[in-house]
Amino acid sequence: TQTVLEIAELQLHFFTDKGVVKAVDGVSLEVGRGEVVGLVGESGCGKSVTSLAIMGLIPQPPGKVVAGSIQFEGVDLTKISQKELRKIRGDQVAMIFQEPMTSLNPLFTIGNQLIEVVRIHRKVNKSEARKQALEMLRQVGISREGILDDYPHQLSGGMRQRVMIAMAMMLNPKLLIADEPTTALDVTIQAQILDLMKNLNKEFGTSILFITHDLGVVAEMCDRIVVMYAGQIVEQTDRFRLFRNPKHPYTQGLMNSIPKLEDKRERLYSIPGQVPNPHQMPSGCRFAPRCEYVMDICRVSSPELLAVEEGHLSRCFLHQEVKEVATTST
Ligand code: SF4
Ligand code: MG
């Protein structure tokens with residue numbers, strides 16, 4: 001498959017009064033044409049910052065891409081002007097968020113907003129734009145014509161998210177970035193929205209970067225899964241390998257946190273401890289303070305992201321040859 005998005009060794013730092021925060025610290029990931037990639041981790045692990053960086057939506061300052069690149073269709077998004085970025089953002093890369101109300105304007109009808117999107121970017125008249133809007137709404141499962149005259153607050157959360165997706169898909173983007181798009185919805189609606197996105201991916205061939213804290217959500221949806229922790233990728237492979245054979249203790253923890261239908265426990269398992277304070281990153285492995293397998297070497301040396309089998313990367317000493325240099329005392 002061809003690559004639509006290729007992030008290489010991205011370093012995105014925030015320069016704050018309290019010091020430098022390496023929010024994205026050497027992240028490399030690819031999204032192929034028509035591929036659905038899951039970017040998973042707890043909140044504060046850098047996944048949303050990564051996605052906002054792709055969209056060019058990180059305020060600079062205090063943020064700054066200090067190294068690496070974000071290639072979209074061969075163009076390095078870190079090197080182009082805001083104007084060029086806006087063009088790509090409107091047209092070829094679309095984004096949906098957890099709360100559609102932040103992207104839908106409460107003052108305008110659904111019809112106005114969808115028609116507007118088309119007319120800004122395509123040379124079509126109003127009635128053609130309206131036709132396209134209705135067609136896209138039908139694609140996302142809304143066939144009631146009166147919908148165009150509704151205001152966002154008149155719709156349920158699930159309907160709003162469908163409208164949001166329709167709006168994102170109106171221009172047939174090559175890449176859709178979805179940041180926790182179903183997190184605010186109840187499980188039934190959540191499943192419907194995931195189904196919908198899967199269908200749109202098949203129907204239009206749109207590549208999707210799906211960002212979530214919930215590994216369960218991406219279990220069915222994604223071809224490949226990238227797990228992030230404390231600004232770095234800790235594991236990356238296809239979903240079959242990941243679910244059959246999760247290697248990194250953090251991934252295993254996320255997996256144990258997935259609610260199971262037959263689960264009678266009142267409280268879900270969650271990984272003990274918290275993501276590290278970005279101003280005080282632990283030395284050595286960043287997961288060490290929370291890891292049940294922690295070894296001496298983990299506290300002094302940082303594991304690299306290495307292949308544990310073909311097509312499967314993990315950043316953990318448990319399955320790596322411990323290097324001599326790491327055991328040499330200083
Ligand atoms: Fe745990 Fe050590 Fe692996 Fe880090 S390197 S995840 S602390 S075993
Ligand atoms: Mg987030």
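Let's start with a quick one: in which sense do strand 10 and strand 12 pair, and over how many bridges? They pair in the antiparallel sense, over two bridges. Strand 12 is residues 312-314, and Gln-236 is the residue that stands opposite Leu-313 there.

Some housekeeping before I go on. This is a predicted model, so local features need pLDDT of at least 70, side-chain atom pairs count only at pLDDT 80 or more, and totals for chains, interfaces and linings use all residues. Residues are numbered from 1 along each chain as its sequence is written, while chains are lettered from A and ligands numbered from 1 in the order in which they are written.

When I say helix or strand, I mean DSSP runs, numbered from the N terminus: helices are H or I with at least four residues, strands are E with at least two. And two strands pair if DSSP finds at least two bridges between them.

Eight strands make an open sheet, and going across you read 6-7-8-3-9-10-12-11, with mixed pairing. At the edges you have strand 6, residues 93-96, and strand 11, residues 306-309; each has a single partner strand, so one side of each has no neighbour in the sheet. From one strand to the next, the twist averages 25°. For angles like that, axes are lines fitted to C-alpha atoms, for helices over the stretch in contact, and the angles run from 0 to 180 degrees between N-to-C directions.

Now look at strand 3, residues 36-40. Five of its five residues are buried, so the rest of the structure largely encloses it. Buried here means 20 or more other C-beta atoms within 10 Å of the residue's own; exposed is 12 or fewer, partly exposed is in between, and the C-beta atoms are placed from the backbone. Both faces of strand 3 are covered, with Val-36, Gly-38 and Val-40 on one side and Val-37 and Leu-39 on the other.

Who are the neighbours of strand 3? On one hand there's strand 8, residues 207-212, running parallel to strand 3 and joined to it by five bridges. Val-37 sits opposite Leu-209 in that pairing. Then there's strand 9, also parallel to strand 3, with four bridges. In strand 9, Gly-38 has Ile-225 as its bridge partner, and Val-40 has Val-227.

Next, move along to strand 9 and strand 10. Strand 9 is residues 224-229, and six bridges tie it to strand 10 in an antiparallel run. Tyr-229 has Gln-232 as its bridge partner. Strand 10 itself, residues 232-238, has six of its seven residues buried, so it is largely enclosed by the rest of the structure.

The hairpin between those two has two residues between the strands, and Ala-230 takes a positive phi near 50° there. Is Ala-230 buried or exposed? It counts as buried, with 23 C-beta neighbours inside 10 Å.

Compare that with Asn-172, in the loop between helix 5 (157-169) and strand 7 (175-179). Its phi is near 50° too, a positive value in a residue other than glycine. But Asn-172 is exposed, with 12 other C-beta atoms within 10 Å.

The peptide bond from Gln-60 to Pro-61 is cis, omega near -10°, and the bond from Pro-61 to Pro-62 is cis with omega near 10°.

One helix to point out: helix 9, residues 249-256, lies across strand 3, strand 9 and strand 10, at about 105° to strand 9.

Last stop, the ligand. Which residues come nearest to ligand 1? Of the 13 around it, those are Cys-285, Ala-288, Cys-291, Cys-298 and Cys-316; a residue is near if its C-beta atom, placed from the backbone, lies within 6 Å. The shell divides into 13 nonpolar, no polar and no charged. Just mind the classes: Ala, Val, Leu, Ile, Met, Phe, Trp, Tyr, Cys and Pro count as nonpolar, Asp, Glu, Lys and Arg as charged, and the others, Gly among them, as polar.

That's my tour, thanks.

Key. Two residues are in contact if their C-beta atoms, placed from the backbone, lie within 7 Å.
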